[in-house]
Amino acid sequence: MKTITKLGLTTLVITTLLFSCKKADYATSETADYAVDSTAISSSAAVEKKDSNQKFIRTADLKFKVKNVVKSTYAIENAVQKFGGFVTYTNLQSIIQDQIKTKISQDSTLETTKFTVENNITIRVPNTQLDTVIKTIARQIDFLDFRVIKADDVSLKLLGNQLSQKRNSESADRIAKAIDNKGKKVNDIVDAENTLANQKEANDNAVLNNLSLKDQINFSTVTLQLYQNQTVKQEVTASEKDSSSYEPNLGIQIVDALKNGLYIIQAVFVFFLNLWPFILIVIGGYLAYKKYFKK
């Protein structure tokens, strides 16, 4: 008997230990999976080194599900402002998938609306804070659909614009000096002035292109698509009455019918009064026929 008891206790202890180990392993695996999911959207792609001559335009495009779109939107906007960025576009809306009206009483209707809340956000953040902002946004993610991060090297474009700007500036200076020193004929002066204007315009365009590139380098653009699970809203509203419920009772209908009949008699009488000349002609013709032609 004692042997059987010892064997039972030993079996129970071993089973408990194995179950505990499996549970711990599952919890560890679940935590690890969550950690991977929560940090998966971060990226150090093309992070510039301090001593590097390369310049990158970094952009990010994310779509993910959240618990509550409105709350997550406020959290993201606050994080963007905290790290020196700004919101350039946001479109928060409720998209209705289905709407059902069920009459539950004579004067009440249950209105059931199924809808999804979505928001498309475009933000711009300092290039040095892009990864920090993305990691902050990751806290709002319940399910990640996709994450796309791009880094375009524009070092050569910047250099090309600078060289073009220098050439155009030097050419403009030479043309201006030629106009001042040698320009005598009107046609030559006009042609030279047009050439000078074109050179200055090309120089301005090169300057503007460089400023645009530097702005895109300094501030990364992030596009976010947020959505949540379908929401069902139910509310009781007053029912619209049928037009038949506004019809008068039988007594009023009888009085109205008598009035309408009287109006019809009056109309017929007035109609025949308007035909009195024709009636006189018909009567006169009949009497003449009876008097002269019957004889």
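Tutor: Let's start with a term: a residue is buried when its relative accessible area is under 20%, exposed when over 50%, and partly exposed in between, using a 1.4 Å probe and protein chains only.

Student: OK, so is T109 buried or exposed?

Tutor: T109 counts as buried because its relative accessibility is 12%. T109 is found in strand β3, residues 108–126; strands are DSSP runs of E with at least two residues, helices are runs of H or I with at least four, and both are numbered from the N terminus.

Student: Which residues does T109 touch?

Tutor: Leaving out residues up to four places away in sequence, T109 touches K101, T102, K103, I104, E235, V236, T237 and S239. Touching is a contact, meaning heavy atoms within 4.5 Å.

Student: New topic: where does this model come from?

Tutor: It is a predicted model, where local features need pLDDT of at least 70, side-chain atom pairs count only at pLDDT 80 or more, and totals for chains, interfaces and linings use all residues. Residues are numbered from 1 along each chain as its sequence is written, and side-chain values use heavy atoms, with hydrogens and water left out.

Student: What's the mean pLDDT of the protein?

Tutor: The mean is 75, and 64% of the residues reach 70 or more; pLDDT is the predictor's confidence in each residue, from 0 to 100.

Student: And which element has the lowest mean pLDDT?

Tutor: That's helix α1 (residues 2–39), at 46, while strand β5 (residues 219–227) has the highest, 94. Over residues 21–39 the pLDDT is below 50, and this stretch has one contact in the model beyond near neighbours in sequence.

Student: Last one: where does I283 lie?

Tutor: I283 lies in helix α7, and with a relative accessible area of 44% I283 is partly exposed.
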